There are 2 protein chains.
Amino acid sequence: MGQERGRVALGIAGVGTVGRGVLELLLVQKETLSKKAGVALEIVRVVDRDAEQKLSGLSNLGGLDVSSNLEDLLKPDVDIVIELIGGTQAAKDLIFGSLEKKKSVVTANKALLSSLGREIFELAQKQGVGLGLEASVGGGIPLIEVIRNNLVANRLDGLYGILNGTSNFILEAMTQKRIPFEQALAEAGAKGYAEADPTLDISGKDTAHKLCVLLGVALDFWPGLGAVYTEGIERVAELDIAYGADLGMVIKLLAIVKRVGRSIECRVHPVMVPERHLLAHVNGAFNALYLDLSCTGPLLFFGQGAGRYPTASAVVADTVAIAGGLARGVYALRPPGSLDGEPSLTSVPMEEIETEYYLRYMVSDVPGMVGKIATALGNHGVSISQVIQKERNEGGERVPVVLLTHKTKERCLKAALKEIYSLGDVLGEPPQVIRIERFAS
Amino acid sequence: MGQERGRVALGIAGVGTVGRGVLELLLVQKETLSKKAGVALEIVRVVDRDAEQKLSGLSNLGGLDVSSNLEDLLKPDVDIVIELIGGTQAAKDLIFGSLEKKKSVVTANKALLSSLGREIFELAQKQGVGLGLEASVGGGIPLIEVIRNNLVANRLDGLYGILNGTSNFILEAMTQKRIPFEQALAEAGAKGYAEADPTLDISGKDTAHKLCVLLGVALDFWPGLGAVYTEGIERVAELDIAYGADLGMVIKLLAIVKRVGRSIECRVHPVMVPERHLLAHVNGAFNALYLDLSCTGPLLFFGQGAGRYPTASAVVADTVAIAGGLARGVYALRPPGSLDGEPSLTSVPMEEIETEYYLRYMVSDVPGMVGKIATALGNHGVSISQVIQKERNEGGERVPVVLLTHKTKERCLKAALKEIYSLGDVLGEPPQVIRIERFAS
């Protein structure tokens with residue numbers, strides 16, 4: 001530190017899908033990337049439990065040190081630690097250990113960042129080292145550094161993200177092919193878009209992790225996963241997708257941030273989006289982030305949110321940028337947060353958000369029930385904008401009744417749903433509730 | 001230079017639409033932006049022919065020096081010159097004069113950059129100062145710096161840009177309302193999207209300027225405007241838009257770059273784009289850039305390409321980034337160009353590009369002419385994929401005949417069109433020729 005240097009030494013933890021891509025890019029493009037950084041980039045150590053095997057087939061490895069002990073990355077010969085092992089405890093020890101020893105850190109670990117992002121930022125700033133998070137959200141799409149550097153004149157007013165490719169693939173397959181959720185999930189698995197255990201993806205939790213990172217970066221607001229209302233796509237049915245289509249809407253799993261003054265709504269759940277909106281056209285396993293900003297107005301960023309080379313692209317860009325900073329001797333990590341520093345933001349409890357709703361009941365006695373449902377909604381101040389009841393039920397089988405509401409508080413809707421529930425078995429399973437987003441701009 | 005400093009002094013040339021926005025942001029957000037830069041940002045001088053009048057209503061002006069002489073910006077008390085006067089000669093003198101005096105430069109001047117970008121980059125690098133071009137392309141959408149910094153691991157394989165809001169507004173109005181070009185142009189004027197003289201916008205020349213800047217930044221390739229085939233939207237007719245819709249295509253004015261090895265296609269013209277592609281959904285006066293990159297795959301960036309605050313957002317982000325660099329004493333301007341340095345790129349002559357075509361003739365004798373047109377196309381190896389002939393002509397009035405071709409060389413098509421022309425007056429006006437782009441990814 002404090003003086004110009006001839007090279008920057010890199011240590012990589014984890015040679016999985018992304019780590020292997022990072023290694024390849026840094027080895028093959030070493031010369032050009034070093035020129036971009038303004039300093040020679042050199043990988044000095046790679047740590048992985050199966051490093052020897054995972055490095056097979058790579059040439060140009062040169063004098064690279066290979067180890068299975070993460071602590072080897074804390075040795076003095078490493079300047080930047082690239083953490084790609086995932087998980088929490090070992091990654092946490094590595095990241096804090098590296099920062100303590102004044103090493104810069106590049107990480108794709110959204111789970112860790114969603115809970116400890118603030119502490120990691122603060123320590124990196126205190127130590128005067130670099131911190132690269134680009135790969136943690138949106139894979140190959142430049143988002144984090146763009147918000148941190150290129151939109152610095154803006155206040156964030158709204159954020160709407162399709163941040164989980166698996167969920168988007170499933171919802172789109174359901175929409176295009178009118179197949180049930182389970183079949184679409186199986187297709188995602190067959191195409192390699194879904195893990196053996198897809199819970200993290202389809203439950204919305206992966207999206208919530210990413211939302212937490214974006215909130216921290218954009219607003220210096222770190223509410224933690226517990227403060228983000230999170231609902232997955234497991235209950236979205238073919239029927240809802242079909243009704244959505246009739247209404248000119250498409251169902252997407254969105255991460256949503258809205259700010260009103262110093263209050264922040266942050267939530268993850270399925271949303272009906274107008275068919276004319278760009279987010280409705282984000283297909284397959286792609287990701288997109290739609291921002292509403294004070295100066296630029298709406299912006300959208302679209303691309304691949306996962307995969308070896310897209311994610312490696314983000315890791316390498318961070319690495320080159322940090323190396324360039326280190327080469328110039330003094331590292332100044334820009335603090336997170338938007339225009340105002342925002343010292344006193346608070347999150348809005350889910351009960352207090354206001355939105356429009358799509359409700360679907362499966363009713364066995366239509367003529368009697370529609371009135372009762374409408375009355376219960378009215379009792380709680382929930383105003384209905386549309387009732388759709390296509391099928392008449394003959395012989396008592398259940399048929400769908402769909403109601404759309406005007407904007408209302410979640411609290412009022414919940415109270416109305418409770419009253420409707422008390423009407424009894426005639427309504428069958430719990431209703432489908434999908435929030436509708438029409439977008440201000 | 002060479003040592004840390006307590007403040008960075010800014011001089012602004014031009015207080016027009018954008019300049020006023022930049023001033024407002026830098027004055028109102030001075031404290032936060034200085035914190036982001038890691039150094040105090042101070043506007044020391046504003047130069048404009050009518051500065052006094054244009055500054056009316058602004059508070060916080062403090063000890064700001066106001067002048068009508070651009071040379072005052074070359075005085076030693078200015079560190080960064082923000083050039084927002086536009087035009088070429090005076091802006092050129094100011095930019096080169098500033099760089100010569102080791103001042104950093106931020107500019108939105110796409111016309112100047114399209115012809116002198118390489119020289120400006122080289123001089124800035126030689127002088128060890130900063131250069132910010134973000135505002136020259138895509139208004140508030142972060143593009144230039146994103147390509148330069150955040151996508152550094154990628155080779156650019158393709159670029160497709162909607163870079164002129166006026167043209168996009170006109171084409172969309174024609175599409176949505178099925179109105180003729182002149183009426184859509186008048187609407188654009190009424191809404192403030194078109195200048196009194198809209199030639200630069202609708203002729204494609206503004207888009208070509210921006211394409212030149214992007215080529216330089218992304219590939220270190222500076223062919224100059226003369227090497228970019230440029231065609232505007234003046235001849236696009238309602239009829240073509242209607243046929244496009246029948247074919248599932250939308251007409252957009254695109255800047256296109258494709259690379260094959262070390263050869264670069266660069267061109268600007270109306271294009272039929274599949275309705276399912278995101279670019280087909282870029283509405284109104286918005287801009288978008290779709291990139292095809294070696295690691296990330298396809299990326300899209302969307303937002304407002306013009307206007308006071310969007311463009312000011314870009315200028316301020318550049319200014320803050322450069323000030324941050326200056327504050328640390330040593331400024332290292334990253335060279336332009338993508339992964340490989342690309343020393344020997346050449347542009348592909350328009351005659352040699354290969355694409356699919358939409359052709360429309362207005363024919364007064366259908367039964368006779370379709371065969372003759374098809375024969376002439378065949379004579380030159382142009383293969384027809386579809387012929388559409390909806391109306392029968394009765395009594396000799398002209399009716400449209402539309403032909404779609406498979407991929408063919410522009411040279412072959414031109415030769416065929418020449419042969420068809422020789423068939424004489426029966427074909428009326430020159431045919432409409434619109435290229436079709438189906439996108440690889």
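How many helices and strands are there in chain A? Chain A contains 14 helices and 18 strands, where helices (H or I, at least four residues) and strands (E, at least two) are DSSP runs numbered from the N terminus. The model is predicted: local features need pLDDT of at least 70 and side-chain atom pairs count only at pLDDT 80 or more, whereas totals for chains, interfaces and linings use all residues. Residues are numbered from 1 along each chain as its sequence is written, and chains are lettered from A and ligands numbered from 1 in the order in which they are written.

The radius of gyration of chain A, taken over C-alpha atoms, is 24 Å, close to the 22 Å that the globule rule (2.2 Å times the number of residues to the power 0.38) gives for 441 residues, so chain A is as compact as a globular protein of that length. Its C-alpha trace spans about 80 × 45 × 35 Å along the principal axes.

Between the chains, 47 residues of chain B are in contact with 47 residues of chain A, contact being defined as C-beta atoms, placed from the backbone, within 7 Å. The elements giving two or more residues to this side of chain B are helix 2 (30–37), helix 6 (144–150), strand 12 (297–304) and helix 12 (308–327). Helix 12 of chain B gives the most, with 9 residues.

Strand 12 (residues 297–304) of chain A is joined by 3 bridges to strand 12 of chain B, and the two run antiparallel; strands pair if DSSP finds at least two bridges between them. Within this pairing, A:Phe302 stands opposite B:Leu300.

Terms used: Contact = placed C-beta atoms within 7 Å.
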